Structure formats: structure tokens, C-alpha cells
Amino acid sequence: MGGAGSPAPPLSRDKPLHLSPSIHIAKIGQDVVILDARADAYYCLPAAAPDIEVDPAGIRFGDPSLEDQFVEAGFLAKTPPRRRALSPRPQRDLGAVSADQPRLADIGLIVLAWLTMLVSYHRADFARLTRTDGDHGAPTTEPSGEVRRLVAVFERVLPWLPFQGVCLYRAFLLRRVLRWRGHRVRWVFGVRTWPFLAHCWLQVGDVVLDDAAERLVAFTPIMEL
């Protein structure tokens, strides 16, 4: 594989190969990060970015040995997977959200969603948690007033729940609450390197719902549901 300072070899394959449905790739500078959602595993390929080209049509390799590694790892498929395009990196957030006196129905909805986590989250592996539901419709570009209100109520109620979990848990729970009210949001997974970190958040358009936009500047989106 060519080093970071050497010219990239031509990506000469006429027809691109296809990534397996569980494989997601992000380029960060000269490095490539791979997420295998089925195995809940991340891999980093330092200085491999010039040797890999990923676009909606598939993936091409400039280094045959790198292609062989993908084949041996089971990262490639014969047919293209159906996956949604990644949203733009969030530029805005909801700021200091505030809610009026929470409605009893909202509190009940959040508590009910939290109770279902025992089965749908704690007993599920990452592959099941992130399994696509086939919702590939046109994305909403701006969070509605109702979404903003529900997020505010959620953040007000969350500290009172016995277990609040990490970003994966909180995003899964909030997404369930919003979906039960009929609101579609994007669940975005991002990565950074040196040091490596993985993170996830909920997003509508370029607005992050459950985090600060300035915090997410360091993360490159790698998968979206």
C-alpha cells in the first residue's frame, strides 16, 4: 500500500465492487475507518484513503492486496446494498431547550418507552439495535415545534430515570419516543481518530437534537439509520 507521501495508484477497475450491507466506511484525512455493524467492530486503515474510492455506485481499490483483505474479511457483496445517503454534518443544535410543564401523556410515553428497553435494548446486540426498518423516504429538513417540545420534555425527564446510559442508549430511547409520535429523525453514527472515538446522535436536516453542534465537528459520519 502506498504511503501518505506517495502518489495514489489509479483505481482501474471498470465496475465497482459492492460493500456488504453491514459494512460502512468513512475517510478521515489519509485514514479509512470501517464499521462492521453486524460484529459491532471498528477497524482503522492508516494511510489507506488514496487506495479506496467509495461512492453510491460501490467501492474501488487502487491496491489489489487491500481488495483481497476486504474479500477475506467478508466485507464485499455481489449485489449493492440499499442504504440511505449520509446527512450533512450538523451545523445547528436546539440550544438550551426548555419545556412548559410536561404533559402527563408525554411523561407516560417516555416511561413506557423506557420500560420496553429491557427487551428491545438490553437484550439486543448492536446488529439488532441498528437494523434498518426500510424507512428510506425523503428526509425532513427542519425539526418541528412538536419535535422540539418532545426533546425538551425528554431531557427534563431523563435525569429521573434509573438508568440513563451512554449516547447509544439515549439516542435509541429518544428516537423511539419520537417515532411513537410519528416523527422521523436520522440516527447518525460518527467516528474520529487519534484518539479513536465513536459517537451517535439524532438529527433532522442539519440540526442535531440531542447534542451540541460544536461538539460534533470532530466526528465524521459513517452510518445513518
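The face of H2 turned away from its buried side carries two exposed residues, Leu-104 and Leu-115. Exposed means over 50% relative accessible area, buried under 20%, and partly exposed in between (1.4 Å probe, protein chains only). This is a predicted model: local features need pLDDT of at least 70, side-chain atom pairs count only at pLDDT 80 or more, and totals for chains, interfaces and linings use all residues. Residues are numbered from 1 along each chain as its sequence is written, and side-chain values use heavy atoms, with hydrogens and water left out.

Now the other side of the helix. Asp-106, Leu-109, Ile-110, Ala-113, Met-117 and Ser-120 are the buried residues of H2. They sit on the same side of H2 because they cover an arc of only 95° around the axis, taken from the directions from the helix axis to the C-beta atoms. An α-helix has 3.6 residues a turn, so residues three or four places apart point the same way. The cover over these buried residues includes helices H3 (126–129), H4 (145–157) and H5 (167–180). Contact here means heavy atoms within 4.5 Å. Helices (H or I, at least four residues) and strands (E, at least two) are DSSP runs, numbered from the N terminus.

H5 lies across S9 and S10, running at about 15° to S10. Axes are lines fitted to C-alpha atoms, for helices over the stretch in contact, and angles run from 0 to 180 degrees between N-to-C directions. S9 (186–192) and S10 (197–204) run antiparallel, joined by 7 bridges. Gly-190 has His-199 in S10 as its bridge partner.

Conventions
Two strands pair if DSSP finds at least two bridges between them.
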